[in-house]
Amino acid sequence: MSQSYGVLRVVRMPHPQPSTARGWSIRARAPLAWLPDERLVHLVTRRETSIGRALSNDIVLMDLSVSREHARLILDNDGCWYIINLAPHNVVWVNGQPIPSHVPFPLRSQDIIVLGSTMLQFLAPHGAGLQSEEQTEPRPTSSAEQSTQLLPRAQSPAILPAPAHPQPLPATLLPGQPGAAACASWEEAESEDENLLGAGVTMQFALSPRLGRRMRWLMVGVGLGVLVICALITLILNSFIGINALAQNGASGLLAALTIPLIPALGTLLLVNFIDRFEREPWYLRLATFLWGMVIAIPTAFFIERFIDGVIMNLLEPGASTILRSALQGLNAGFTEETIKGLGLLLLFLVLRDQFDNITDGIVYSAMIGAGFALVENFSYFASGYRNSLVFLIIYRVVLGWLGHPTFTACFGSMLGYTRHTRSRWQQVITPLLGYVMAVMLHSFFDFVDIQAGAAVQADPGNTHVAMLALVAIICDYIPPFIAQMLLLYLLIRSLAQEAAIIREFLASEVSNGVVTVDEYALLQHSFQRTRQERQALWQYGFKHWLRVKALYQTEIGLAFRKWHVSMGDGQKNGYLRQPEDVYRERIRRLRQEIRAYEEQARAKRRAT
């Protein structure tokens, strides 16, 4: 198996600009590819690596300003990295300094290299090798992640290749230092939570440490109590529907009402699992949002809608327009249901803000709430309409409308997630409001067309012309949700691309510091390859080892997102012995040690047999 010595990541492809008095100035924004798995990271697997436009090079850059054989990276026997410009006419810059041809120029990790019009960053783990005679100040961790202003220099510290077994990172508090005992007990409790609940580092810092153990258990008890009460109400309401379906349609009608709604729900769950590719959401939060839609939102919306419907009937005169009546009923359903579903999203965003990272998370949690709500609602539709309109319901609720509720709720959820992408206060207020209004209007218009089409058919049941127009109206009713889905798909693609860019940008310094290995850094950019690696661990070493490998990758990605949130204005966590970044690094070290120890033990057993 080839060894990975370092990595070159594509920063951007600008036109080279002359250096200033302060050096080469680089914007912090990482490149956003249309496809998240697009190759923007190149592994350096040889001690001499050729770079150019020709396909025969070790690293191929598709840039017309790059020559066929442009530059060469060299790792010497002392562990020092060099770059060589292979031709006088080639453009090769290192930190804003032009490199003459055929002269080895020293490199160190996080150096910025410009080849033609392509800007790259060189990353390799720091080693304990020889240092240059002229020492330079250690680079701050955030230099390649925030603004970065890199000063040109003639000499750089030597870089060693990535060791086969990286040394573990030291703990923040060493034994004997003040606070070490408290820190050890805290880590012990954190490890138990991980084993029992699958809770990661983010959940450990979700609630303020000022909340005592009793208060936390009280919050959990209140939440479970509300869940149980709502579940009982939902069960009682649907029991009457189920008994009625059994009496009218027999066992086959009840069975259809119980099984057919599972199809769109399972489809939504599979879709959510597919799009949640990088910073994956915990299973218990997915389950909690699903239960919010299925158990809490359903009975609450039922009683509120019944009450508002009664008010509307009392306010409208008997001869009021059917269109006005349908519009008010549609607005009642859209406003009530989207408000209650949106409250679940807002509660999650406010209480567990660190778990609500971006647009992707907003879409994921919205889809889960919508899937839970639609599951129970579809049960009532199929239970009452099994005998007369089964085929119509399958087409209307399963084939065409299986993403109806998730789409409406995702309009608000995606805009709520967008607030994590911006520092502007007015955007953080206006954007979720616009998303909420869009969700209410889409849902209200959808129900209005549905109610009005049904009312037209009931008013003239024998008129085939009216029935045909009603059918066309119901089919066209899916055009606005389809347009919204295309918009959400665009936002999702851009959000996934940014997630990959965040991983590239904010784990760069962790590669230099040895926290993240070169192979892991390259693997984290590619969700499908990472999933394949996780499955390979499952087949070869079993379920528990698979959980460790998944936890390692997710902890590394979580570290990148934590650093991104800090760069976007999130403050430090007060009241804790250590900050989340330190805990992430410690957990990465521990998981990697456990993985290697288990794999070595498994290989030893296989050799013994």
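Modeller: A search of the whole structure finds four cavities of 30 Å³ or more. This is a predicted model: local features need pLDDT of at least 70, side-chain atom pairs pLDDT 80 or more, while totals for chains, interfaces and linings use all residues. Residues are numbered from 1 along each chain as its sequence is written, and side-chain values use heavy atoms, without hydrogens and water.

Biologist: What makes a space a cavity?

Modeller: On a 1 Å grid over the protein atoms alone, a 1.4 Å probe fits at its points but cannot get out.

Biologist: Which residues line the largest cavity?

Modeller: There are 14, with Thr202, Asp354, Arg562, His565 and Tyr584 nearest its centre. A lining residue has an atom within 4 Å of a point. Helix α15 (543–567) gives the most, four residues. Helices here are DSSP runs of H or I, at least four residues; strands are runs of E, at least two; both are numbered from the N terminus.

Biologist: Why is the largest cavity said to lie between domains?

Modeller: Domain 2 (209–500) and domain 3 (539–560 + 580–608) both give residues to its lining, so it lies between them. The bounds come from an automatic or database domain assignment.

Biologist: How do you know that β6 and β7 pair?

Modeller: Pairing needs at least two DSSP bridges. Five join β6 (71–75) to β7 (81–85), running antiparallel. Therefore β6 and β7 count as paired. Ala71 stands opposite Asn85 in β7.

Key: On a 1 Å grid over the protein atoms alone, a cavity is a set of points where a 1.4 Å probe fits but cannot get out, and a pocket is an open set with protein on both sides within 12 Å along at least five of seven lines; lining residues have an atom within 4 Å of a point. Grid points are joined across faces, edges and corners, and a volume is the space filled by probe spheres set on the points.
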